[in-house]
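Here is a short briefing for a first look. Start with the structure itself, then read the points below.

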Amino acid sequence: MRFYQEEHGGDLRAKYDFSVNVSPLGISGRVRSAMVSVLSLADRYPDPCAVQLRAALSAKEGVPAENILAGNGAAELIYAYAAYGGSAVVVAPTFSEYAAAFRAFGKGVRFARGYGLEGINLCTADTVFVCIPNNPDGFFPAREELFSLAERCRAAGASLFADACFYDFVQNPSFTLAELVQSGAFVLQAFTKSYALAGVRLGYLMGEKGALSRISRYVQPWSVSCFAQAAGIAAAGDKQYLSDLRALVSREREFLSEGLTALGFAPRPSRANFLLFEGEEGLSARLRERGIAVRVCDDFEGLVPQKGKKYYRVGVRTREENQILLQALREVLQ
């Protein structure tokens, strides 16, 4: 049995949970109302093709609806793709489920370490996985580097799979997801992080129509509930929520980064809603005593801390919560 809380964060016992990286704004009123409005439909099967949802996603992303496959969160679509695909190269350190999914289906996985996308060897790869911005450090590649990789994949007969579940947190990105899809890449998105809908489970994969049709055979029937579809339709049109979210995260990420630096940590530069830094072993346990949970990053392939230290990831929250975290760290360090 796999214990996902240990691997991916999330602690219901903590008063302040920085181990997850979802929107600090919470569920928008518009989305909440949409889910309540479909309560009377809960006795019926949801639309298996998610027609209205895919139309809303098409308008949000600028990608034709026929090039969008909805699923029960990003994780279902990662595993469906792994069942469909061949071997994989994963640019590490990054989210552990890419490799776990391919290994679950007996597929080969190897890792390309570091951030030089130009140096990835494509000779034996059917798919190259990248996360933009990357989890756990928030690294966001330059447009030229990413699209060059997409071109190299296409020339080598491989596929680029870009996990863009944190893309909505990026202010002024140098490319759109539609452009990335047009380059031939598969692009994964979800409402988990940016719209604070982790418990609703809604993700979508964008790519070539024929390939998505084949991948859909590995997605269970009716996997997107009526509540998830209603939430997605409402969220996709809520541009003000995203604008407010980006402004908040940008401001608070800077505040939290400066606070961590002042305490002697060295957080990595991030374009996402979380920060990665090294700290002494036992730091998470001492914070837990104060009701605060942070993400211990032991399971990220290729992320090797200095002796006696560990890597920690903290989600960017509201100013009040961020101040509480920094004060707790001051107390722990003293």
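Helix α4 (residues 73-84) and helix α5 (residues 97-104) cross at roughly 45°, and their axes come within 8 Å. That angle makes α4 oblique to α5. Keep in mind that this is a predicted model.

**Where α4 meets α5**
- The crossing of α4 and α5 is right-handed.
- From α4, the residues in contact are Ile78, Tyr79, Tyr81 and Ala82.
- They meet Glu97, Tyr98, Ala100, Ala101, Phe102 and Ala104 in α5.
- By class, this contact of α4 with α5 holds 9 nonpolar residues, no polar ones and 1 charged.

**Where α3 meets α9**
- Helix α3 (residues 51-61) packs with helix α9 (residues 226-236) at an angle of about 25°, and the two axes lie 9 Å apart.
- Angles under 35 degrees count as roughly parallel, so α3 is roughly parallel to α9.
- α3 and α9 form a left-handed crossing.
- On the α3 side, Gln52, Leu53, Ala56, Leu57 and Lys60 take part.
- Their partners in α9 are Gln229, Gly232, Ile233 and Ala236.
- The contact of α3 with α9 divides into 5 nonpolar, 3 polar and 1 charged residues.

**Helix α10 and its cover**
- Helix α10 (residues 239-262) has 24 residues.
- From first C-alpha to last, α10 reaches 35 Å, close to the 34 Å expected at 1.5 Å a residue.
- Which residues of α10 are buried? They are Tyr241, Leu242, Leu245, Leu248, Val249, Glu252, Arg253, Leu256, Gly259 and Leu260.
- An α-helix has 3.6 residues a turn, so residues three or four places apart point the same way.
- What covers the buried residues of α10? The cover includes α3, β9 (274-280), β12 (309-315) and α12 (319-333).
- Just after α10 comes Gly264, which takes a positive phi of about 100°.

**Gly282, in a loop**
- Gly282 sits in the loop between β9 and α11 (283-288).
- Gly282 counts as partly exposed because its relative accessibility is 28%.
- In sequence, Gly282 and Lys60 are 222 residues apart.
- In space, Gly282 and Lys60 are 43 Å apart, C-alpha to C-alpha.
- Lys60 is one of the α3 residues that meet α9.

How values were computed. Residues are numbered from 1 along each chain as its sequence is written. This is a predicted model: local features need pLDDT of at least 70, side-chain atom pairs count only at pLDDT 80 or more; totals for chains, interfaces and linings use all residues. Side-chain values use heavy atoms; hydrogens and water are left out. Axes are lines fitted to C-alpha atoms, for helices over the stretch in contact, and angles run from 0 to 180 degrees between N-to-C directions. Helices (H or I, at least four residues) and strands (E, at least two) are DSSP runs, numbered from the N terminus. Angles under 35 degrees count as roughly parallel, over 145 as roughly antiparallel, 65 to 115 as roughly perpendicular and the rest as oblique. A crossing is left-handed if the near helix is turned anticlockwise from the far one by less than a right angle, and right-handed if clockwise. Contact means heavy atoms within 4.5 Å. Ala, Val, Leu, Ile, Met, Phe, Trp, Tyr, Cys and Pro count as nonpolar, Asp, Glu, Lys and Arg as charged, and the others, Gly among them, as polar. The expected span of a helix is 1.5 Å times one less than its number of residues. Buried means under 20% relative accessible area, exposed over 50%, partly exposed in between (1.4 Å probe, protein chains only).
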